[in-house]
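Please keep the viewer open as you read.

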Amino acid sequence: MSGFPWSAFALNLAWTAAAALAVMLVTFVVAVRTGVHRIVDVAWGIAFTAVAVVTLAASAGHGDVVRRLLVTVLTAVWGLRLAAHIARRGRGHGEDPRYEALLDRAPGGRNAYAFRVVYLLQGALVWLVSLPVQAAQYVPGPPSAPVLAAGTALWAVGVGFEAVGDAQLARFRADPANRGRIMDRGLWAWTRHPNYFGDFCVWWGLFLLVCDSPAAATVSLVSPLVMSALLIRGSGKRLLERHMADRPGYAEYTARTSGFFPRPPRRPAGRGSCP
């Protein structure tokens, strides 16, 4: 693992931890003033972008400029698109039921509890999951062609799944005729969670961009593993499906549609399942 600037990278980790914490602190202040903690979901993508930009600045004089700029741009495109989408989706709505249920069980003050278990936790996860983005900017030498192609292609598949899936769902919900129906068209006929599958591809793609450096790959492997666990077993797929389980038609939808990795539906999907 010689050649990797460990001391500079360690200092970078401190700067990026401060950046993630700063985004969460500002978001917490806004949430307290507005009384709505769901805006922390908007801050998620913004915090990743902030970490990438801070790393780009901190890594000046290290690494390869192509790889440094590439991972920064890819992270910012993903993070800012996600933040904008969540902000549009939540505009005009009150508190997210997930946070309402969580804060109703708060042992002390709601805001203090939210800061500990939501904001600090999400800031820590941003810092941990972004390790490939941070390590990539300190890798000496340019990326090999296969690494560059594979990582960028997988990232593009992920962003495509997220953007297309989100747009399809937004159009579906905008049609009053679909009220009470289960979205089972387009990408949603191939996987029940195209947006979560997209996140999965994005972070494995960013990890691939450091795989030609044993040091960076070793320190970064935890990132896609943690993100995969969150999406499949943690606060992503499992939590959402628990919330959706009692919806009319959802059991039939799960019976014919893949839970995560896309595949053709077991039988043709109709226009939706009526209550």
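## A buried glutamine and its surroundings

With a relative accessible area of 13%, Q122 counts as buried; here buried means under 20% relative accessible area, exposed over 50%, and partly exposed in between, using a 1.4 Å probe and protein chains only. The model is predicted, so local features need pLDDT of at least 70 and side-chain atom pairs count only at pLDDT 80 or more, while totals for chains, interfaces and linings use all residues. Residues are numbered from 1 along each chain as its sequence is written, and side-chain values use heavy atoms, with hydrogens and water left out.

Q122 sits in helix α5; helices (H or I, at least four residues) and strands (E, at least two) are DSSP runs, numbered from the N terminus. Which residues does Q122 contact, leaving aside its neighbours within four places in sequence? They are M24, V40, D41, W44 and Y99, where contact means heavy atoms within 4.5 Å.

Helix α5 covers residues 110–129 and also holds L120. With a relative accessible area of 38%, L120 is partly exposed. Together with L21 and L25, L120 forms a nonpolar surface patch with about 230 Å² of accessible area. Patches are made of residues with over 30% relative accessible area and no salt bridge, with like charges joined within 9 Å and nonpolar side chains (Val, Leu, Ile, Met, Phe, Trp, Tyr) within 5 Å. The areas come from the Shrake-Rupley method with a 1.4 Å probe, and for residues only the protein chains shown count as cover.

## The nonpolar interior

A nonpolar core is a set of buried Ala, Val, Leu, Ile, Met, Phe, Trp, Tyr and Cys residues joined through side-chain atoms within 4.5 Å. The largest such core has 60 residues, and the members that touch the most others are F4, W44, W78, Y119, V126, W203 and L206. Apart from it lies another core, of 8 residues, including I182, M183, W188 and M244.

What does Y119 touch, not counting residues up to four places away in sequence? The list is M24, T27, F28, A31, H37, V40 and A114.

## Aromatic pairs

There are 20 aromatic pairs in the whole structure. Rings of Phe, Tyr and Trp (its six-membered ring) pair if their centres lie within 6.5 Å; planes under 30 degrees apart count as stacked, over 60 as edge-to-face and the rest as tilted.

One of these pairs is F9 with Y138, edge-to-face at 5.8 Å centre to centre and 75 degrees between the planes. Because F9 lies in helix α1 (residues 6–34) and Y138 in the loop between α6 (131–136) and α7 (145–174), this pair ties together parts 129 residues apart in sequence. F9 is buried at 2% relative accessibility, and Y138 is buried at 1%.

The rings of F197 and F260 have centres 6.0 Å apart and planes at 80 degrees, so this pair is edge-to-face as well. F197 lies in helix α8 (residues 194–208) and F260 in the segment after α12 (250–256), so parts 63 residues apart in sequence are tied together. Both F197 and F260 are buried. They also belong to one aromatic cluster, formed by F161, F197, F200, W204, F207, F260 and F261.

## Charged pairs

Side chains of opposite charge can pair when their charged atoms come close. The whole structure holds 4 salt bridges, each being a side-chain nitrogen of Lys or Arg within 4 Å of a carboxyl oxygen of Asp or Glu. Three of them are set out here:

| Salt bridge | N to O distance |
|---|---|
| R67 and D212 | 2.9 Å |
| R81 and D166 | 2.9 Å |
| R256 and D184 | 2.6 Å |

R256 is in helix α12 and D184 in the loop between α7 and α8, 72 residues apart. R256 is buried at 4% relative accessibility, and D184 is buried at 2%.

Salt bridges that share partners join R81, E162 and D166 into one network. D166 is buried at 7% relative accessibility, whereas R81 is partly exposed at 21%.

What about the accessibility of R67 and D212? R67 is buried, with a relative accessible area of 1%, while D212 is partly exposed at 31%.
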